[in-house]
Amino acid sequence: MKDKYTHPQEFSGYMTGQLLLATPQMQDARFERAVMYVCGHDQNGAMGLIVNKYIQELTFKELIQQLGLPADRIQFDHPVHFGGPVDNGRGFVLHTDDYVHPTTVHLFDNLAMTATLDILQSIAEGEGPDESLVAMGYTGWGPGQLEQEISNNMWLQMDPDFALIFSTPIEHKWELGMQKLGIDVATFDPHAGQA
């Protein structure tokens, strides 16, 4: 199974729409136990959002206020996720495709991504998509970089899972993802698969 990842030039489907789970080989602390949704992946690189890390010092209400949007009609004070270390001042909303804006990018499996103030205002007023995840920043990879990280056993790949992305408690997303892959995290061997 590992062979299809060791030859990136032969990889035909790319990983857009997939979830990635960081393995113990992940050396970068920012991605420790990260669960990543891959928003786009092609020959030019990849872009993803971490779906299991919050920005503790920023609430949704504070974000709305900082952006100069009216905060008096906020119905729910959603958490704000750390989408990744790139462009932390830029926001993205990963959501179900029942919300459509001219700038909405349709992904896979009824998911979409929008990066406008309109969707934040809609979410604040309880009129946004059925499910949404607000993130600041994103994770980016250059050409072939993600494929190399996978071949170095830094990420495991799995099909997207709505419950895992949107409704599983954040502290359980990584463990649940590993369980869905059939991996017992208590016995996960950090040296598995390395020559």
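1. The structure holds four aromatic pairs. Rings of Phe, Tyr and Trp (its six-membered ring) are paired if their centres lie within 6.5 Å; planes under 30 degrees apart count as stacked, over 60 as edge-to-face and the rest as tilted. The rings of phenylalanine 31 and tryptophan 155 are edge-to-face, because their centres are 6.1 Å apart and their planes stand at 70°.

2. This is a predicted model, in which local features need pLDDT of at least 70 and side-chain atom pairs count only at pLDDT 80 or more, while totals for chains, interfaces and linings use all residues. Residues are numbered from 1 along each chain as its sequence is written, and side-chain values use heavy atoms, with hydrogens and water left out.

3. Which parts of the chain does the pair of phenylalanine 31 and tryptophan 155 link? Phenylalanine 31 belongs to the loop between β1 (19–22) and β2 (35–42), whereas tryptophan 155 belongs to strand β10 (residues 155–158); these are distant parts of the chain, 124 residues apart. Helices (H or I, at least four residues) and strands (E, at least two) are DSSP runs, numbered from the N terminus. Phe31 and Trp155 also form one aromatic cluster with Trp141.

4. Are phenylalanine 31 and tryptophan 155 buried or exposed? Buried means under 20% relative accessible area, exposed over 50%, and partly exposed in between (1.4 Å probe, protein chains only). Phenylalanine 31 has 8% relative accessibility and therefore counts as buried; tryptophan 155, at 3%, also counts as buried.

5. Another edge-to-face aromatic pair is formed by phenylalanine 162 and phenylalanine 166, with 5.9 Å centre to centre and 70° between the planes. Both residues lie in helix α5 (residues 162–167), four residues apart, about one turn of the helix. Phenylalanine 162 has a relative accessible area of 33%, so this residue is partly exposed. Phenylalanine 166 counts as buried because its relative accessibility is 15%.

6. The largest nonpolar core has 31 residues, and those with the most contacts inside it are Leu20, Phe60, Leu146 and Trp155. A nonpolar core is a set of buried Ala, Val, Leu, Ile, Met, Phe, Trp, Tyr and Cys residues joined through side-chain atoms within 4.5 Å. Helix α3 (residues 117–124) gives the most to this core, with four residues. Apart from it lies another core, of 21 residues, among them Met47, Leu49, Val51 and Phe92.

7. Six bridges join strand β6 (residues 86–96) to strand β9 (residues 132–141), and the two run antiparallel. Two strands pair if DSSP finds at least two bridges between them. Phenylalanine 92 stands opposite alanine 135 in β9. Strand β6 is also joined by four bridges to strand β8 (residues 111–114), again antiparallel, and here valine 93 stands opposite threonine 114.

8. Leucine 107 is placed in the loop between β7 (105–106) and β8. Its relative accessible area is 14%, so leucine 107 is buried. Not counting residues up to four places away in sequence, leucine 107 is in contact (heavy atoms within 4.5 Å) with Tyr37, Cys39, Leu94, Ala112 and Met113.

9. Glutamine 25 lies in the loop between β1 and β2 and counts as buried because its relative accessibility is 9%. Its side chain makes a polar contact with the side chain of threonine 23 (2.8 Å). A polar contact is a pair of N or O atoms within 3.5 Å; within protein, one must be able to donate a hydrogen and the other to accept it, and residues adjacent in sequence count only if both atoms are side-chain atoms.
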